[in-house]
Amino acid sequence: MSSVSAMFTVRSLLRSAHIRYALAAQFHATSHCTGAKVAVVLSGCGVYDGTEVHEASANVLSESARIARGNITDLAKLNASNHDAVIFPGGFGAAKNLSSFAVDGIDCKVNVEVERVLKDFHKAGKPIGLCCISPVLAAKVLSGVDVTVGHEEEEGGKWPYAGTTQAITALGAKHTVKEVTEAHVDPKNKVVTTPAFMCDTKLHLIFDGIGAMVKNVLKLSGK
């Protein structure tokens, strides 16, 4: 996985930004506002081989217009000392580009820079947010971490990727069942996760879960 050059972008997120999506334009226009400096790790363009755009833009909707043109930086330059938190949106890129989980399952390898970032933020006691399939990255890298990818049974197709929970526990992590609108907080490791598109449901419910994740990441960052 070391051949993959992952990217990240930096966003200064207000604690209240997740509450009303309508505030996004105002937030984007207010360049002098204060908030947490959050690194968002991108894995490509598009759900099937990169970052799921809805997950990257669910809390600051202007991101959807900027994701292709925003200021992005090689992940090798991301330093925990310069940021308050890091967020990994979902999309199959997390399982294909940031790791080899899509092919190798529990025997997967994680991109060396992704592993470094996760370990550095964890060691620094700074919060890590992950949604959808990306919690498998934490399960692989952070020993004993407690995460969620939703429910543990398919339930007639509502949770089509429920088998991921078995891989998470096989990796030595703990899985906690949560609804799509919820986020799960592992206070010991400062890891916050939410199921997002692991659930086949309405988009606004997925946004609610991602909003809850961001709220808790900001709360843990103290910003």
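A residue counts as buried when its relative accessible area is under 20%, and the legends below apply that cut-off to a predicted model.

**View 1. Serine 221 in helix H9 of the predicted model.** Serine 221, which is found in helix H9, has a relative accessibility of 15% and therefore counts as buried. Its side chain reaches the backbone oxygen of leucine 218 at 2.7 Å. When the neighbours within four places in sequence are left aside, serine 221 is in contact with Ala36, Asp84 and Pro127.

**View 2. The largest nonpolar core and the surroundings of valine 86.** The largest nonpolar core has 55 residues, and those with the most contacts inside it are Leu78, Val86, Phe88, Val114, Ile128, Leu137 and Met213. Helix H9, spanning residues 203–221, supplies the largest share of this core, with 7 residues. Apart from its neighbours within four places in sequence, valine 86 is in contact with Val38, Ala39, Val41, Leu78, Val117, Phe121, Pro127, Ile128 and Gly129.

**View 3. Cysteine 132 in the loop between strand S5 and helix H7.** Cysteine 132 lies in the loop that runs between strand S5 (128–131) and helix H7 (135–141), and, with a relative accessible area of 7%, cysteine 132 is buried. Not counting residues up to four places away in sequence, cysteine 132 touches Glu55, Gly90, Gly91, Val149, Thr194, Pro195, Ala196, Phe197 and Met198. Cysteine 132 and glutamate 52 are 80 residues apart in sequence, while their C-alpha to C-alpha separation in space is 9.2 Å.

Key. Residues numbered from 1 in each chain as written. Predicted model: local features only at pLDDT ≥ 70, side-chain atom pairs only at ≥ 80, totals over all residues. Heavy atoms only, no water. Core = buried A, V, L, I, M, F, W, Y, C linked by side-chain atoms within 4.5 Å. Buried < 20%, exposed > 50% of the residue type's maximum accessible area, 1.4 Å probe, protein only. Helix = DSSP H or I, 4+ residues; strand = E, 2+ residues; numbered from the N terminus. Contact = heavy atoms within 4.5 Å. Polar contact = N/O pair within 3.5 Å; in protein donor to acceptor, adjacent residues only side chain to side chain.
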